[in-house]
Amino acid sequence: MGRFVYADNAATTPVSKAVLEAMEPFYTQYYGNPSSLYSVGRAAKKPLELAREKVAQCLGAKPNEIYFTSGGSEGDNWAIKGVAHEQSKKGKKHIITSKFEHHAVLHSCEALEREGFEVTYLDVHENGLVRPEELEAAIREDTALVTIMYANNEIGTIQPIPEIGAICKKHGVIFHTDAVQAVGHVHINVKEQNIDILSLSAHKFHGPKGIGAIYIRSGIRCPNLIDGGAQERGRRAGTENVASIVGMSVALEEACKNIDANAQRLSKMRDRLIDGLLKIERSRVNGDRVKRLPGNVNMCFEGIEGESLLLSLDLQGICVSSGSACTSGSLDPSHVLLAIGLPHEIAHGSLRITLSDQNTEEDIDYILEVLPPIIERLRSMSPLWEEIVKGQKKFA
């Protein structure tokens, strides 16, 4: 193996050196329980609240609107189930979401359907975008919640969040966004964009795993998901993971400070990679070319099985994915790619390459050098590719 390239940053990111250094004292020196009244506890409480202020500042929120969670999945479950159960007291049992949300959202909605709630799943169309006019048309008198992700975790398309927020505000409907892939990578201001609830996860922007946060706008009633002690102002029980919370705040502050420079650099690398891969016969980009995350490249190659492609790249020291990391053990094609209209055969040949600020132009060179010959080799062994070339197999 001549070179190692980590290009699956949508799955997780390496913890930065600054984050690691910030966390270390809270394992060895300031290890107290922040709920304790004695000095060691107070020494942990102060950094906890400072971290809350930093997260709030990066989102344009108030510190008392930020609650720490175990990550994005918990935040999504809390927001969707909490709002739904609260709004059902008013007779509102209708939820609007999209067909290509993260499974934390889709499975939460399915759980509510089993309780008698009705869910409308909006189309995302070929470009991977929700159309605001279709969302507005779906709103009813009994609509309790709209939950639309900020940026898709597989194809990276950025949804028209300000427009969606404005529509929800106009109709008096609570708006939640799963912003796990977007936070730290694009500018977000929850007040300006009329976002009522937002969930995020630290390990998508060089923070530690197992820690996240949820923003709940003041005045929104969202019952607790986890009951127990009085932590997080009585809203989320469990002793706070101070080391990880501090690490998350440092990672987010660092990401937000460099957001424009990183976005410009990554977008350039992304586009060079896409342009290079489009030279491969019967390849296609999934999702809008412009309205997408700076580091996201999602491609399909006809006649290729995604898992074989992934494993072949791994042998060359390149880490990528064939879809969402949360479903990488599944043999089914990506629900995201099916939602944008791809047939099963093409969806099976998908490849997700996601870059971070730690990637280099040399990484792009290496991927463009290694990937085309792998595709050529895999196609040479594929009966399906023979049918495609002969014109016996046609895809939509």
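This is a predicted model: local features need pLDDT of at least 70, side-chain atom pairs count only at pLDDT 80 or more; totals for chains, interfaces and linings use all residues.

Q: Which side chain does the side chain of histidine 203 make a polar contact with?
A: That of threonine 12, at 2.7 Å.

Q: Where is histidine 203 placed?
A: In the loop between β7 (197–201) and β8 (212–216).

Q: Buried or exposed, histidine 203?
A: Buried. Its relative accessible area is 15%, and the cut-off for buried is under 20%, so histidine 203 counts as buried.

Q: What does UniProt list for "binding site"?
A: The unreviewed entry gives Gly72, Ser73, Asn153, Gln181, Ser201, Ala202, His203 and Thr239. They spread over 168 residues of sequence, and in space by up to 29.7 Å between C-alpha atoms. Among them, Gln181 is in the lining of the second largest pocket.

Q: And threonine 239, where is that?
A: In the loop between α8 (231–234) and α9 (242–257). Threonine 239 touches Asn33 and Gln231, again leaving out residues up to four places away in sequence.

Q: Switching to α10. How many residues, and what reach?
A: α10 covers residues 259–277, 19 residues in total. From first C-alpha to last, α10 reaches 26 Å, close to the expected 27 Å.

Q: Which α10 residues are buried?
A: Ile259, Leu266, Ser267, Met269, Arg270, Leu273, Ile274, Gly276 and Leu277.

Q: What covers them?
A: The cover over the buried residues of α10 includes α9, β9 (283–285), β10 (296–301), β12 (350–354) and α14 (361–380).

How values were computed: Residues are numbered from 1 along each chain as its sequence is written. Side-chain values use heavy atoms; hydrogens and water are left out. UniProt positions are given in the numbering used here, feature names are shortened, and annotations may be inferred rather than shown by experiment. On a 1 Å grid over the protein atoms alone, a cavity is a set of points where a 1.4 Å probe fits but cannot get out, and a pocket is an open set with protein on both sides within 12 Å along at least five of seven lines; lining residues have an atom within 4 Å of a point. Helices (H or I, at least four residues) and strands (E, at least two) are DSSP runs, numbered from the N terminus. Buried means under 20% relative accessible area, exposed over 50%, partly exposed in between (1.4 Å probe, protein chains only). A polar contact is a pair of N or O atoms within 3.5 Å; within protein, one must be able to donate a hydrogen and the other to accept it, and residues adjacent in sequence count only if both atoms are side-chain atoms. Contact means heavy atoms within 4.5 Å. The expected span of a helix is 1.5 Å times one less than its number of residues.
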